[in-house]
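Student: I am new to this structure and would like to go through it step by step. Could we look at it together?

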Amino acid sequence: MTSVRSSRRIEQEIVQLAEGQQGGPRGLSLVHVSEQQPAHHPSKPVPYVAFDRIELGLILSVYGRKVAKSEWRDYAIDFLRERAVFSVFARNSERPLYSIEKQPKLRNRQGQYMVVNQQGRILKRGHDLRLVLNVLEPHLAVVT
């Protein structure tokens, strides 16, 4: 019961961050520091890619289950110019265990969603986020 409550609280915080990010400070990328934010005029909002509420719900449901199993501990979200990244950490470390990325430019090609592991290998890519997230929760079958 507490993991459901905490995942809802986390989801609300992320949605508030996503909605309030438009006029917020620039360059708050914790994981992907090499991507430079464009210089812009103060009156014009900076365009960025973000996860919508449904996508965040799917990601946070997986995240909540993994936190309840004590497999994952922390996360970071980056809303960048060409992609949005939800990074998952097992401990407080420099590199994420997994990164869930959304790149709208790849929508008509391989799919805009992908899961990348710590070494940078793409584990799954596709058009449907629910199917892409299945790589993080393998379904085991009993073999007789």
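Student: What should the 16 residues of helix H2 span at 1.5 Å a residue, and how far apart are its end C-alpha atoms?

Tutor: The 16 residues of helix H2 (residues 53–68) should span 22 Å, and the end C-alpha atoms are 22 Å apart, which agrees. The expected span is 1.5 Å times one less than the number of residues. Helices (H or I, at least four residues) and strands (E, at least two) are DSSP runs, numbered from the N terminus. Please note that this is a predicted model, in which local features need pLDDT of at least 70, side-chain atom pairs count only at pLDDT 80 or more, and totals for chains, interfaces and linings use all residues. Residues are numbered from 1 along each chain as its sequence is written, and side-chain values use heavy atoms, with hydrogens and water left out.

Student: Which residue caps the N-terminal end of H2?

Tutor: Asp52 does, with a side-chain oxygen 3.3 Å from the backbone nitrogen of Ile54. A polar contact is a pair of N or O atoms within 3.5 Å; within protein, one must be able to donate a hydrogen and the other to accept it, and residues adjacent in sequence count only if both atoms are side-chain atoms.

Student: And what follows H2?

Tutor: Ser70 follows H2, in the loop between H2 and S1. Its phi is near 60°, a positive value in a residue other than glycine. Most residues other than glycine have a negative phi.

Student: Is Ser70 buried or exposed?

Tutor: Ser70 is exposed, with a relative accessible area of 65%. Buried means under 20% relative accessible area, exposed over 50%, and partly exposed in between (1.4 Å probe, protein chains only).

Student: Which residues of H2 are buried, then?

Tutor: They include Leu56, Ile59, Tyr63 and Lys66. Tyr63 has a relative accessible area of 4%.

Student: Changing topic: how many aromatic pairs does the structure hold?

Tutor: There are six aromatic pairs. In one of them, the rings of Tyr63 and Tyr75 have their centres 5.3 Å apart and their planes at 80°, so the pair is edge-to-face. Rings of Phe, Tyr and Trp (its six-membered ring) pair if their centres lie within 6.5 Å; planes under 30 degrees apart count as stacked, over 60 as edge-to-face and the rest as tilted.

Student: Which parts does that pair tie together?

Tutor: Tyr63 lies in helix H2 and Tyr75 in strand S1 (residues 74–79), so the pair ties together parts that are 12 residues apart in sequence. Tyr63 also forms an edge-to-face pair with Phe86, 6.0 Å centre to centre and with 80° between the planes.

Student: Which residues form the aromatic cluster?

Tutor: Tyr63, Trp72, Tyr75, Phe86 and Tyr98 form one cluster.

Student: What is the strand order in the sheet?

Tutor: The open sheet of five strands has the order S1-S2-S3-S4-S5, with antiparallel pairing. S1 and strand S5 (122–126) stand at the edges, each with a single partner strand, so one side of each is left without a neighbour in the sheet. Two strands pair if DSSP finds at least two bridges between them.

Student: How many bridges join S1 to S2?

Tutor: Six bridges join them, and the bridge partner of Tyr75 in S2 is Val88. Five bridges join strand S2 (residues 84–89) to S3, where Ser99 is the partner of Ser87.
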